[in-house]
Amino acid sequence: MYIKISKEVQEQYRNDVEKILNNPDFQKLRFYRQHNWTNRLMHSINVSYLSWWIARKFGCNEKAAARAGLLHDFCLYDFSETPPDGEFQSFFHPKVAAENSIEHFDITEKERDAILSHMFPLGPLPNSKEAWIISFADKICATAELCSIAIALARRGKVKFVPNPA
Ligand SMILES: [Fe+2]
Ligand SMILES: [Fe+2]
């Protein structure tokens with residue numbers, strides 16, 4: 001499958017996320033339901049774009065915001081499962097997302113820390129501007145999604161899922 005982001009979306013953003021977006025393991029996020037009506041892949045794309053947009057407005061590292069936003073929930077299991085050690089999922093899944101991201105992509109320390117702290121105040125304090133942005137964007141997207149409001153790139157078909165050419 002190839003994920004195509006509309007040319008209406010800034011080229012810089014498309015370039016920053018293309019490699020992660022078209023990784024077959026990352027694309028498996030589409031199989032997990034998130035916030036009632038959307039899936040984890042679309043949620044992650046929304047958090048990524050909103051984080052990138054805010055980071056750009058405030059002169060922060062927009063590439064780190066876009067990438068960590070995309071990877072913040074990179075967990076290939078259902079969040080209704082209880083973690084093996086009985087820990088709350090809110091505290092557990094950022095660690096799994098960070099581990100998966102390290103395993104699959106060459107992420108920076110800043111990106112890793114932002115993934116780990118995205119559930120703040122359930123979890124560690126964000127320690128960079130980009131980490132604060134991702135934590136904020138995640139809450140905005142989750143709230144909109146829970147209310148069935150299409151925001152960011154979920155609106156007007158800006159993301160297309162195209163089968164790979166034979
Ligand atoms: Fe999360
Ligand atoms: Fe999330």
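This is a predicted model: local features need pLDDT of at least 70, side-chain atom pairs count only at pLDDT 80 or more; totals for chains, interfaces and linings use all residues.
Modeller: Ground rules: residues count from 1 along each chain as written, and chains are lettered from A and ligands numbered from 1 in written order. Local features need pLDDT of at least 70 and side-chain atom pairs 80 or more, while totals for chains, interfaces and linings use all residues.

Colleague: Why is helix 4 called oblique to helix 6?

Modeller: The axes of helix 4 (residues 62-71) and helix 6 (residues 109-116) come within 9 Å and cross at roughly 45°. Under 35 degrees is roughly parallel, over 145 roughly antiparallel and 65 to 115 roughly perpendicular, so the rest, oblique, is what remains. That makes helix 4 oblique to helix 6.

Colleague: What makes the contact between them?

Modeller: Ala 64, Arg 67, Ala 68 and Leu 71 of helix 4 meet Lys 110, Glu 111, Ala 114 and Ile 115 of helix 6; contact means C-beta atoms, placed from the backbone, within 7 Å. Five of these residues are nonpolar, none polar and three charged.

Colleague: How do you know that helix 4 is mostly covered?

Modeller: Nine of its 10 residues are buried, and a residue is buried if 20 or more other C-beta atoms lie within 10 Å of its own. Among them are Glu 62, Arg 67 and Gly 69. The buried residues of helix 4 pack against helix 1, helix 3, helix 5, helix 6 and helix 7.

Colleague: Which residues have the most contacts inside the largest nonpolar core?

Modeller: Ala 65, Leu 71 and Ile 134, in a core of 37 residues. Helix 3 gives the most to this core, with nine residues.

Key. Axes are lines fitted to C-alpha atoms, for helices over the stretch in contact, and angles run from 0 to 180 degrees between N-to-C directions. Helices (H or I, at least four residues) and strands (E, at least two) are DSSP runs, numbered from the N terminus. Two residues are in contact if their C-beta atoms, placed from the backbone, lie within 7 Å. Ala, Val, Leu, Ile, Met, Phe, Trp, Tyr, Cys and Pro count as nonpolar, Asp, Glu, Lys and Arg as charged, and the others, Gly among them, as polar. A nonpolar core is a set of buried Ala, Val, Leu, Ile, Met, Phe, Trp, Tyr and Cys residues joined through C-beta atoms within 7 Å. A residue is buried if 20 or more other C-beta atoms lie within 10 Å of its own, exposed if 12 or fewer, and partly exposed in between; C-beta atoms are placed from the backbone.
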